[in-house]
Amino acid sequence: MTIRATIGALLLAGTALCAPATWAQEVQRGGTLNFTAPYGSSVGTLDITASAEVQTEIVAHAMHRSLYKWNPETGKPEPDLFTEVSVSDDGLTYTYKLRSDAVFHNDKPFTADDVIFSYNRIATPATASPSANFISRIKGFDEVQGGSATEMSGLRKIDDHTLEITFTASQDPGFDLMQNYVPIYPSNVDGSTQATQPVGLGPFRFVEHVPGSRVSFERFEGFFGQDDQPYLDRLNIMIMGEAAARDVAFRNREIDVSVLGSQQYQEYQADPDLSKGLLEVAELFTRVVGFDTTKPPFDDKRVRQAVNYGIDKQLIIDKLVKGKAFPAVGFMPTTSPAFDPNAQGYAYDPEKAKALLAEAGHPDGIDLPVIANQNESWGAPIVEAIIPMLSKANIRASVEPVENAVLEDRITGGDFTSFIWSLSSGPDPLNILRCFYSKTAQSACNYTKFSNPEVDRLYEAAQQERDEAKRNDLIRQADGIIREEAPYWFFNYNKAVMAYQPWVHGLKGNPQELAIQDYDKIWIDDSAPADRKPQ
Amino acid sequence: MGRYVLRRLLQMIPTLLAVAALIFLIFSVLPGSFAGTMTGGGRRALSPELVAQINAQFGLDKPLPVRFWDYLVRLVQFDLGTSFRTREPVIDLIAARIWPSLQLALAAMTLAVTVGIPLGFLAAMRPGSLLDSVTMIGAVSGLSMPQFWLGLLLMYVFALQLGWLPSFGYGEGRLRNLILPAIALGFAPMALLARTTRAGVLEVMSSDHIRTAMAKGDSPAQMVRWHVVRNAMVLIVTTLGLQIGSLLGQALVIEKLFSWPGLGSLMVDSVAIRDIPVVQGTILVIVLWFLVINVLVDLVYAAIDPRISLR
């Protein structure tokens with residue numbers, strides 16, 4: 001498949017994201033959904049502000065709401081806890097008219113105090129919250145972090161339902177404040193109790209946490225959603241890190257959805273029944289091999305380009321990843337608004353790779369040691385597959401398998417020549433471009449120590465640009481330079497696949513993370529097993 | 001005997017301290033850090049300031065000897081520290097997991113004892129018979145079968161094909177949820193007990209005092225009851241003690257596979273994200289369990305064999 005045809009297929013997949021949501025059936029109320037959290041075997045804490053784990057996020061999204069919410073169909077943040085917003089001329093001050101119909105699970109009405117309480121709590125150094133990055137552009141954040149203030153000066157209550165937030169940059173705050181990691185907690189509850197007895201504004205109320213096994217919720221009657229939302233009476237999130245166990249439980253109808261790996265994807269596709277219930281989405285993740293662009297020989301872009309030319313990524317995607325990915329053209333994925341549909345990726349051309357190496361002064365080739373974890377789609381098995389391809393281009397690749405914790409530590413610590421990883425490439429393209437800005441710390445996502453004056457200029461211009469189309473155009477230009485500079489071998493964009501039972505409706509193809517669903521919009525019909533179907 | 005038990009309990013203290021020191025040092029030199037794992041798997045990156053803040057929050061910015069001293073001081077006060085991940089006391093996390101772990105371990109051992117020991121006895125009573133061959137083939141298979149694979153096989157047969165039992169989950173501690181993980185976990189100890197029992201009984205059966213008993217005209221039932229069981233028991237109890245002792249630690253694969261809320265899965269998850277206080281705490285509990293079982297085994301020795309005295 002050509003790159004252009006692949007992009008066409010991908011865009012088609014993007015538009016078909018919501019197939020289960022468009023079921024022409026009348027919504028049924030009630031019943032129990034057994035959802036799955038597939039990324040590990042436990043949920044550490046129920047306080048999402050103390051965690052950076054997706055497992056926790058999957059659980060938190062049932063209980064909590066943030067100021068903004070993500071719309072996977074438009075790819076943009078939109079209002080959730082406010083109904084109107086006005087922005088000052090300088091683009092720094094936002095005045096929010098907050099919802100007056102939102103109530104917490106403890107019956108406390110939602111007010112501006114709760115937003116101020118929640119954001120100040122995250123900013124406080126004593127909480128050491130990994131969510132702090134998401135609110136760091138609120139004025140006064142640095143003072144709170146530095147200990148010279150206890151509250152951010154950028155948060156001002158005008159009345160119970162009017163809140164003014166002043167930011168330090170005119171960037172759209174929606175992408176940061178829509179994160180599940182910055183939920184609004186009730187100001188009349190001690191934040192430290194959220195770890196075990198969470199209270200939020202979300203559609204489901206916490207019932208029970210069986211560590212390593214399950215988190216259960218019940219419908220919150222006071223939820224501010226439309227119509228009868230949430231439709232379900234009960235929601236169980238089953239913690240199931242083992243793909244094989246999920247497979248058995250799904251086939252046995254004990255769980256209603258399952259996230260599939262590449263091997264299972266192929267098996268489910270081949271099954272006439274299971275293939276009818278597959279939800280696919282091109283996620284905003286780019287799988288890459290990253291080079292330390294300051295270390296010879298990878299400080300020469302011709303060497304980095306040679307690696308890109310030296311690998312037949314389509315073959316690896318077909319044979320090893322079983323088609324559960326789309327070949328990458330550059331860093332920005334096809335589902336990003338900054339993606340350039342006319343961009344040409346690196347075609348497989350070992351001769352050109354050899355020529356580039358010779359031109360760069362390496363006629364005898366180079367060594368490419370890659371640190372990798374054991375992930376089947378972006379780990380050691382992939383590096384092993386590219387070794388023979390690269391050897392044809394005079395690139396002697398080798399793999400150094402390490403445990404995931406070591407991989408992450410070495411990448412963020414800059415202790416590598418090259419690494420293979422899966423990196424978030426959305427939803428906010430400007431935030432992604434920040435990872436190629438030379439002033440961004442290596443540990444804070446400029447992993448390859450990339451530095452290019454033109455990319456810096458474009459990033460700074462995009463930061464100031466308030467017109468979305470023009471901003472995306474600037475980012476698109478920068479992405480073109482990054483593609484040319486090749487700090488990464490651009491491998492693939494992930495295709496996430498969720499299997500769902502025939503009685504489940506309302507799932508959406510969330511390209512940010514397919515396993516995070518709007519549970520309030522999910523419903524099940526009466527063909528569900530007797531113990532879970534609507535009564 | 002009271003003094004013996006007290007002495008053995010006191011002896012546990014230096015052992016536990018040595019284990020604690022070893023775990024601390026191993027995890028201090030092991031590559032990987034808690035803050036480093038907070039990338040959400042490539043989804044986000046923390047600023048260097050935030051990483052420093054997180055490290056300071058958990059005292060990870062202090063020099064190693066200071067951290068080690070702080071750890072020991074807490075430990076002697078029975079304080080296992082605070083989890084980096086959940087920010088709750090480690091003891092609370094362990095307390096929530098200990099009963100499911102014990103449930104699973106005890107169920108697995110019940111299966112191993114009630115099936116493995118009688119099978120071994122029966123096989124030894126009729127060496128070379130069909131029962132003996134089948135038992136020993138089963139025992140070798142049980143010992144060589146990976147737990148993970150056996151667990152999946154049980155799920156496939158009893159949940160998916162027959163629909164008799166749930167394939168995963170704790171299910172409020174219901175017996176039907178316990179059966180499959182207990183079989184998967186207990187199968188290898190059952191096989192080992194069957195083999196050990198058979199070997200022990202055969203050895204006793206070939207000894208002089210049994211020949212004397214037979215010459216005296218004891219019935220086979222009397223002979224087994226008075227001479228074989230007690231003599232074979234020392235070997236069986238030794239094997240049993242080792243198996244029970246190591247079961248808590250061995251259960252991690254099964255716990256992860258069946259989404260069982262036990263100590264093993266807590267430990268594995270904590271290792272993966274370098275939540276060191278929890279790793280240290282769970283290992284200490286598992287070691288303590290092993291030591292307690294060892295004391296109990298020694299007490300049982302004395303009860304079944306008067307030649308062994310407890311001093």
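Modeller: Fine. This is a predicted model. Take Phe35(A): its relative accessibility is 0%, so Phe35(A) counts as buried.

Biologist: And Tyr519(A), buried or exposed?

Modeller: Tyr519(A) is buried, also with a relative accessible area of 0%.

Biologist: How many aromatic pairs are there over all chains?

Modeller: The structure holds 30 aromatic pairs over all chains. In one of them, the ring centres of Phe35(A) and Tyr519(A) are 5.2 Å apart and the planes stand at 90 degrees, so this pair is edge-to-face.

Biologist: Where do Phe35(A) and Tyr519(A) lie in chain A?

Modeller: Phe35(A) is in strand β1, residues 32-37, while Tyr519(A) is in the loop between β18 (504-505) and β19 (523-524).

Biologist: Which kind of pair do Phe34(B) and Phe58(B) form?

Modeller: Phe34(B) and Phe58(B) form an edge-to-face pair, with 5.8 Å from centre to centre and 90 degrees between the planes. Phe34(B) sits in the loop between α1 (2-29) and α2 (48-57) of chain B, and Phe58(B) in the loop between α2 and α3 (64-76), 24 residues apart. Both Phe34(B) and Phe58(B) are buried.

Biologist: Back to chain A. Which residues do ring pairs link into a cluster?

Modeller: The cluster consists of Phe331(A), Phe416(A), Phe419(A), Trp421(A), Phe436(A), Tyr447(A), Phe450(A) and Tyr488(A).

Biologist: What does UniProt list for residues 76-442 of chain A?

Modeller: The UniProt entry, which is unreviewed, gives "domain: Solute-binding protein family" for that range. In the model, residues 76-442 of chain A are 25% helix and 23% strand, and the end C-alpha atoms are 28 Å apart.

Biologist: Now chain B. How many helices and strands?

Modeller: Chain B has 12 helices and 0 strands. Its C-alpha atoms fill a box of roughly 85 × 55 × 30 Å along the principal axes. Of its 311 residues, 49% count as buried.

Biologist: What share of the contacts in chain B comes from residues 24 or more positions apart?

Modeller: Among contacts with a separation of 6 or more, 74% are between residues 24 or more positions apart.

Biologist: Which UniProt annotation covers residues 98-297 of chain B?

Modeller: An unreviewed UniProt entry annotates that stretch as "domain: ABC transmembrane type-1". In the model, residues 98-297 of chain B are 84% helix and 0% strand, with the end C-alpha atoms 21 Å apart.

Biologist: How is chain B divided into domains?

Modeller: Domain 1 of chain B covers 2-90, and domain 2 covers 95-304. Their C-alpha centres lie 32 Å apart.

Biologist: How many residues of each domain are in contact?

Modeller: In chain B, 25 residues of domain 1 are in contact with 22 residues of domain 2. About 2,100 Å² is buried between these two domains, and carbon and sulfur atoms give 76% of that area. The count of salt bridges between the two domains is 1.

Biologist: What about Arg8(B) and Asp298(B)?

Modeller: The side chains of Arg8(B) and Asp298(B) meet in a salt bridge, at 2.2 Å from N to O.

Biologist: How many residues does each chain give to the contact between chain A and chain B?

Modeller: Chain A gives 60 residues and chain B gives 48 residues. The two chains bury about 4,400 Å² between them, with 53% of it on carbon and sulfur atoms. There are 2 salt bridges across the interface. Arg85(B) also forms a salt bridge with Glu53(A), where the closest N and O atoms are 2.5 Å apart.

Note on methods. Residues numbered from 1 in each chain as written. Chains lettered and ligands numbered in written order. Predicted model: local features only at pLDDT ≥ 70, side-chain atom pairs only at ≥ 80, totals over all residues. Heavy atoms only, no water. UniProt positions renumbered as here; feature names shortened; annotations may be inferred. Helix = DSSP H or I, 4+ residues; strand = E, 2+ residues; numbered from the N terminus. Phe/Tyr/Trp six-rings, centres within 6.5 Å; stacked < 30°, edge-to-face > 60°. Buried < 20%, exposed > 50% of the residue type's maximum accessible area, 1.4 Å probe, protein only. Domains from an automatic or database assignment. Contact = heavy atoms within 4.5 Å. Buried area = accessible area lost by both parts, 1.4 Å probe. Salt bridge = Lys/Arg side-chain N within 4 Å of Asp/Glu carboxyl O.
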